[in-house]
Amino acid sequence: MHIAEGFLPPAHAVAWGVASAPFVVHGVRSLTREVKEHPESTLLLGASGAFTFVLSALKLPSVTGSCSHPTGTGLGAILFRPPIMVVLGTITLLFQALLLAHGGLTTLGANVFSMAIVGPWAGYAIYKLLRRFDVPLMVAVFFGAFLADLSTYCVTSVQLALAFPDPSSGFLGALGKFGSIFAVTQIPLAVSEGLLTVLVMRLLVQSSKGELTRLGVLLAKKQSRTETETEAVAR
């Protein structure tokens with residue numbers, strides 16, 4: 001879903017960059033506060049960023065000027081909330097543009113908007129909604145990662161359709177064409193990413209239960225009635 005360097009018209013590239021900038025600024029503030037207040041979270045932050053970098057670097061050719069790949073943003077959004085994931089995603093996209101020729105600097109704003117902003121927010125929203133209705137954690141994690149991936153491709157389709165409307169059917173016609181081509185590879189990739197994210201979350205539950213509880217991913221264990229009564233008698 002990375003749009004290639006120089007592929008968007010200059011006006012579109014600038015517009016997407018302007019639209020993304022406030023989210024990045026807010027994310028930097030959130031990340032700075034998180035690291036300052038909880039320095040122990042830096043290891044998990046780094047792991048979340050690495051997960052995004054590795055998954056989103058696995059690209060498959062797709063629509064001209066773009067590609068299909070997992071995004072890896074759902075995990076970080078669930079753990080640290082979308083504003084922080086915006087920064088991790090932006091750093092990932094910047095390094096991939098500079099080191100891997102994956103995406104580009106002129107299209108960085110558009111790629112940030114789709115993968116680092118809309119994807120994490122969409123995935124986090126469905127995750128929180130499902131958890132509010134007491135859906136099991138791993139089911140909510142799967143759908144969070146799945147939607148974070150799928151919504152990114154939907155936004156990229158919109159971006160390409162706005163830049164290159166169909167000569168006869170206009171924006172909607174182009175959107176249908178871009179979306180249908182992306183869907184062939186992106187839907188299976190989104191399912192695979194959801195399953196992989198569940199596997200990673202299971203490992204984190206085993207190894208970082210305290211940190212996940214602080215972040216609100218796991219609920220603090222409630223005292224049983226017997227334990228509460230015992231403490232009351234002791235006092």
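**Entry 1: the pocket lining.** I looked up which helices line the largest pocket in this predicted model. Helix 1 (10-37), helix 3 (73-80), helix 4 (82-99), helix 5 (108-132) and helix 8 (209-215) each supply at least two residues of that lining. Which helix gives the most? I found that helix 5 does, with six residues.

**Entry 2: the pocket itself.** I noted a volume of about 500 Å³ for the largest pocket. In total, 23 residues line the pocket, and I listed those closest to its centre: Arg81, Tyr124, Lys128, Leu215 and Gly216. Next I sorted the lining by class. I got eleven nonpolar, three polar and nine charged residues.

Entry 3: Ile91, Leu94, Phe95, Leu98, Leu99, Leu100 and Leu105 make a nonpolar surface patch of about 660 Å². I picked out Leu98 from this group. Leu98 is found in helix 4, a helix that also supplies at least two residues to the pocket lining. Is Leu98 buried or exposed? Its relative accessible area is 54%. Exposed means over 50%, so Leu98 counts as exposed.

**Entry 4: the whole chain.** Last, I stepped back to the overall layout. I counted nine helices and two strands in the protein chain. From the N terminus on, I read the elements as α-α-β-β-α-α-α-α-α-α-α. How much of the chain is buried? Of its 235 residues, 49% count as buried.

Methods: Residues are numbered from 1 along each chain as its sequence is written. This is a predicted model: local features need pLDDT of at least 70, side-chain atom pairs count only at pLDDT 80 or more; totals for chains, interfaces and linings use all residues. Side-chain values use heavy atoms; hydrogens and water are left out. On a 1 Å grid over the protein atoms alone, a cavity is a set of points where a 1.4 Å probe fits but cannot get out, and a pocket is an open set with protein on both sides within 12 Å along at least five of seven lines; lining residues have an atom within 4 Å of a point. Grid points are joined across faces, edges and corners, and a volume is the space filled by probe spheres set on the points. Helices (H or I, at least four residues) and strands (E, at least two) are DSSP runs, numbered from the N terminus. Ala, Val, Leu, Ile, Met, Phe, Trp, Tyr, Cys and Pro count as nonpolar, Asp, Glu, Lys and Arg as charged, and the others, Gly among them, as polar. Patches are made of residues with over 30% relative accessible area and no salt bridge: like charges are joined within 9 Å, nonpolar side chains (Val, Leu, Ile, Met, Phe, Trp, Tyr) within 5 Å. Accessible areas come from the Shrake-Rupley method with a 1.4 Å probe; for residues, only the protein chains shown count as cover. A salt bridge is a side-chain nitrogen of Lys or Arg within 4 Å of a carboxyl oxygen of Asp or Glu. Buried means under 20% relative accessible area, exposed over 50%, partly exposed in between (1.4 Å probe, protein chains only).
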